[in-house]
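Please open the model in your viewer and keep the selection tool ready. We will go stop by stop, selecting a few residues each time.

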Amino acid sequence: MTGSLALLDSASLYFRAFFALPDSMRAADGTQVNAVRGFADTIARILTDRRPARLVCCLDADWRPKFRTDLLPSYKAHRVAEETGGDAPDVEEVPDTLTPQVPIILDLLEAFGFATAEAAGYEADDVIGALATREKAAPVEVITGDRDLFQLVRAEPTPTSVIYVGKGWAKAEVLGPAEIAERYSLPLDTAGPAYADMAALRGDPSDGLPGVAGIGEKTAAKLITQFGSLEALVEAGETGDSALPLKTRLRLKDAADYLAVAPTVVRVAVDAPVEQSRPDTVPATPADPERVAELAERWNLGNSVERLLKALPGA
């Protein structure tokens, strides 16, 4: 055991498993289980390779929170599938064969005794941010395929790094403040917050963030590094700071409405009211071995459950 706290961006991980593994993985009743098996395999790899003492599978209670869409209606808007008539609630476009697998994943986590956590009205990113920020005792490792969580890296009071699995676990990257600062040319001592500010300034079409027209990633990083924060940059633009070229000041002015709300939308809500299912200590053995066996049999989880059982510290 390393004594670390592993925080899993669960949806990010099981989405990737769903698309990485063949849809021929099915239970006897025909239910597709590739996401379930891939997610179980991922946890097994985390336990084997990273050896955390504590682990929490963080969940989306609301993947498109109202407090964000109220400020920026375009936030993740392109991911919304609206039913005919347009008055149905927003739902994320999730493959039909993935949706039935999520309850199976939750059943398996409960049977093994792994902690889950969520916060009403918030995304998993916010849950992860809240748990990472309040951790004062152990190093934190955030396991995700989402770059948005790079903003959480820190050195103090306990080191927080991101295990980025965007290219799969075999090519996982361990990224702390030094790696984020070097990769994006950001200041080392504020690499996490600076990443969030750069991301807001640059924008991200995949999340419906328009950014500031004419300012790409490199320019955004340079400006955040030069002025120290997005707030300081905006203030420099408003006061006509001569250190800012006129063209940049005009671009910031044109994007003033966006820049007024972008920090709240982009930064994780570290004050999210997290509710956790159980203590986060990695179980030495399954909480309910009979239930684990029943789920493995019913859903044809075979080798994936066996690998996860062998990865437990008491195995």
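Leaving aside neighbours within four places in sequence, which residues is Thr69 in contact with? Select Thr69 and look around. The contacts are Arg64 and Tyr75. Keep in mind that this is a predicted model.

**Stop 1: helix H3**

Thr69 is found in helix H3. Its relative accessible area is 16%. Buried means under 20%, so Thr69 counts as buried.

Check the surface here. Asp70 is exposed at 51% relative accessibility. Lys66 is exposed too, at 57%.

**Stop 2**

Select Glu123 and Lys76. This pair also forms a salt bridge, and its closest N and O atoms are 2.6 Å apart. The two residues lie in distant parts of the chain, 47 residues apart. Glu123 sits in the loop between strand E3 (115–118) and helix H5 (124–134). Lys76 sits in the loop between H3 and helix H4 (101–112).

Salt bridges with shared partners join Arg68, Lys76, Glu123 and Asp126 into one network.

**Stop 2: Asp280 and Arg54**

How many salt bridges does the structure hold? The count is 15. For another of them, select Asp280 and Arg54. Their closest N and O atoms are 3.0 Å apart.

Trace the chain from each partner. Asp280 lies in the loop between strand E7 (275–276) and helix H12 (289–298). Arg54 is in strand E2, residues 54–58. The pair therefore ties together parts that are 226 residues apart in sequence. Asp280 counts as buried, at 13% relative accessibility.

**Stop 3: strand E1**

Ala6 is placed in strand E1, residues 5–9. It is buried, with a relative accessible area of 1%.

What does Ala6 touch, not counting residues up to four places away in sequence? Arg54 is one of its contacts.

Next, draw a distance from Ala6 to Ile163. Their C-alpha atoms are separated by 9.5 Å. Along the chain, the two residues are 157 residues apart.

**Stop 4: the loop between E4 and E5**

Go to Pro157, found in the loop between E4 and E5. Look at the peptide bond from Glu156 to Pro157. This bond is cis, with omega near 0°. Most peptide bonds are trans.

Step on to Thr158. It lies in this loop, between strand E4 (140–144) and strand E5 (160–164). Thr158 is buried, at 4% relative accessibility. Leaving aside neighbours within four places in sequence, its contacts are Glu135, Lys136, Ala137, Ala138 and Pro139.

**Stop 5**

Most residues other than glycine have a negative phi. Arg51 lies in the loop between helix H2 (34–49) and E2. It is partly exposed, with a relative accessible area of 43%.

Then select Ser185. Its phi is also positive, at about 55°, although it is not a glycine. Ser185 is in the loop between helix H6 (177–184) and helix H7 (191–202). It is exposed, with a relative accessible area of 53%.

**Stop 6: a charged patch**

Which residues form a positive surface patch? Select Arg16, Arg147, Lys167 and Lys171 and show the surface. Arg16 is found in helix H1, residues 10–20. Arg16 is partly exposed, with a relative accessible area of 36%.

Methods: Residues are numbered from 1 along each chain as its sequence is written. This is a predicted model: local features need pLDDT of at least 70, side-chain atom pairs count only at pLDDT 80 or more; totals for chains, interfaces and linings use all residues. Side-chain values use heavy atoms; hydrogens and water are left out. Patches are made of residues with over 30% relative accessible area and no salt bridge: like charges are joined within 9 Å, nonpolar side chains (Val, Leu, Ile, Met, Phe, Trp, Tyr) within 5 Å. Accessible areas come from the Shrake-Rupley method with a 1.4 Å probe; for residues, only the protein chains shown count as cover. A salt bridge is a side-chain nitrogen of Lys or Arg within 4 Å of a carboxyl oxygen of Asp or Glu. Lys and Arg count as positive and Asp and Glu as negative; His and the chain ends are not counted. The place of a charge is taken as NZ of Lys, CZ of Arg, CG of Asp or CD of Glu. Helices (H or I, at least four residues) and strands (E, at least two) are DSSP runs, numbered from the N terminus. Buried means under 20% relative accessible area, exposed over 50%, partly exposed in between (1.4 Å probe, protein chains only). Contact means heavy atoms within 4.5 Å.
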